[in-house]
Amino acid sequence: MFKRTLKQLDEDEVVCVFYNSPSGIIEMIDALKIGEKTHIYCSSDAKKNIKKDGYNVFDTIAIENGKAVLNKYNFFTSRFYSAVDIELDYKPTVMMISRVYKTIPDKTPYSLIDPETEAIQIAGRFRNGIDKIIHITDTNPQLEYYEREEFEQYLKEQHSGLHKMVELYEAADSQGESDIIKEGIENTEYWKEGYVNQKNGDINYFRYNNAYLDERLKMIYRYPSTLYKSYIRSEAFMVYSDSEYAVYTEQERNYLLNKNNSKAKRITLLYDILLKIEEFSNLYDLKFLAELKKEYSLYIEAMPYLKLAKIKDLEFKDSAVKTELKKAKRLSQLRNKPVIKDVYKAFNPNTTYTTADVQKYLEPILNKYKISYDRRGTAGDILLYFYGHFKRGTAGAGKWVLLGKKFPKVI
């Protein structure tokens, strides 16, 4: 979506992108090959890691004649979301990027932007105004969140539990007991995430407030509609909202493209996604399908012919799948309606034919439709169209007894 949106902008537009993920910014720059036209603005610590890889990265914005010096594309992390004035003599296009699925399990994604605070602050960085502001994000209906009252109660229970551990620590009778209880205290998320003042054991209300905001953001980013309503509540923007459905998630995409993952699980996931793409087939999924074809061409080709259960029976072995696919494709050709019609014109039910006659009448049909066959004999294919059997004769000779048609409705 980022790439598509850039293509819709005028060539001379300066673009300022707010995306709180240094690694995500690098991923975007590399994917679009725009490094020479890009500045990255981030914290001093992040700058050290990015600078060594040759990117144009800064922890402050250069000023000339009282105006900020920007590039064609400019990426900003949260370090620049507020308390920074960007003076320009033109109005840039501002873009915000959030990636809900690009996250650490059980953590609120760092790139989520609050429509009622941060989005307003970002727009306010540009003292001469902006041309337009665009927010690109995915949403995740499976994001779990606490309601405010429920979360307050949960944190109280966490605080009480931590102090019970502290009481155990203070009442310990030996160094070994003290050490193991202390280790337990310091390894709790409540302690590590700074919900408690580690010097006096009091509640860190600043951290509590941030946690409430995190839960609120999880709720907002579950659906496009909840995000839209949050922007409307801000009363700061005139909002146009549009969304597209993608049948795969960021984690699923990464899992499929990582060869270190179980092949059986990857192919199983691939089949699931391909079935969804067949149903929806929107632009996102078709682009992803093109990406998958480079890695899974055999299995994408096989899907219309071989069910997942058959692939599992073949133990996901490429050579076995290729052999079975060849058989299945030939069988599909043999069962095409035009082929069936020609066979029924050439053969009569309730009739007996010699092997030579079967081959004499059947091979021209196979040649006509470019269906491969073994030159040593094709007579066995006739039983795909008729009920019947082979009646062996003397000296290896035999006859084909054809009964009723298997596809009587095909005329």
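Mentor: What follows goes through cysteines, nonpolar cores, a helix pair and some loop residues.

Trainee: Before that, what kind of model is it, and how are residues numbered?
Mentor: This is a predicted model, in which local features need pLDDT of at least 70 and side-chain atom pairs count only at pLDDT 80 or more, while totals for chains, interfaces and linings use all residues. Residues are numbered from 1 along each chain as its sequence is written, and side-chain values use heavy atoms, with hydrogens and water left out.

Trainee: How many disulfides are there?
Mentor: Searching the whole structure gives zero disulfides, a disulfide being a pair of cysteine sulfur atoms within 2.5 Å. C16 is in none, and its nearest cysteine sulfur, that of C42, is 15 Å away.

Trainee: And is C16 buried or exposed?
Mentor: C16 is buried, with a relative accessible area of 0%, where buried means under 20%, exposed over 50% and partly exposed in between, using a 1.4 Å probe and protein chains only. C42 also counts as buried, at 1% relative accessibility.

Trainee: Switching topic, which residues touch the most other members of the largest nonpolar core?
Mentor: They are F18, I61, L70, F76, I86 and Y221, in a core of 28 residues; such a core is a set of buried Ala, Val, Leu, Ile, Met, Phe, Trp, Tyr and Cys residues joined through side-chain atoms within 4.5 Å. In soluble globular proteins, nonpolar side chains tend to be buried together.

Trainee: Which elements give two or more residues to it?
Mentor: Those are β1 (15-18), β7 (93-98), α4 (118-123), α8 (205-220) and α9 (224-234), helices being DSSP runs of H or I with at least four residues and strands runs of E with at least two, numbered from the N terminus. The largest share, three residues, comes from α4. There is also a second, separate core of 26 residues, which includes V247, L289, L292 and L298.

Trainee: What does F18 touch?
Mentor: Leaving out residues up to four places away in sequence, the contacts of F18 include F76, F80, Y81, V94 and I113, with contact meaning heavy atoms within 4.5 Å.

Trainee: Where does I113 lie?
Mentor: I113 lies in the loop between β7 and α4, and it is buried, with a relative accessible area of 0%. Beyond four places in sequence, I113 touches F18, and among its other contacts are H135, L217 and Y221.

Trainee: How do α8 and α9 pack?
Mentor: Their angle is about 120° and their axes are 7 Å apart, where axes are lines fitted to C-alpha atoms, for helices over the stretch in contact, and angles run from 0 to 180 degrees between N-to-C directions. The two helices are therefore oblique to each other, since angles under 35 degrees count as roughly parallel, over 145 as roughly antiparallel, 65 to 115 as roughly perpendicular and the rest as oblique.

Trainee: Which residues make that contact?
Mentor: R216, M219 and I220 of α8 meet T226, L227 and S230 of α9.

Trainee: Last one, what about the phi of K33?
Mentor: K33 has a positive phi of about 55° although it is not a glycine; K33 sits in the loop between α2 (22-32) and β2 (38-41), and is exposed at a relative accessible area of 73%. N350 likewise has a positive phi of about 55° without being a glycine, and lies in the loop between α15 (337-346) and β9 (351-354).
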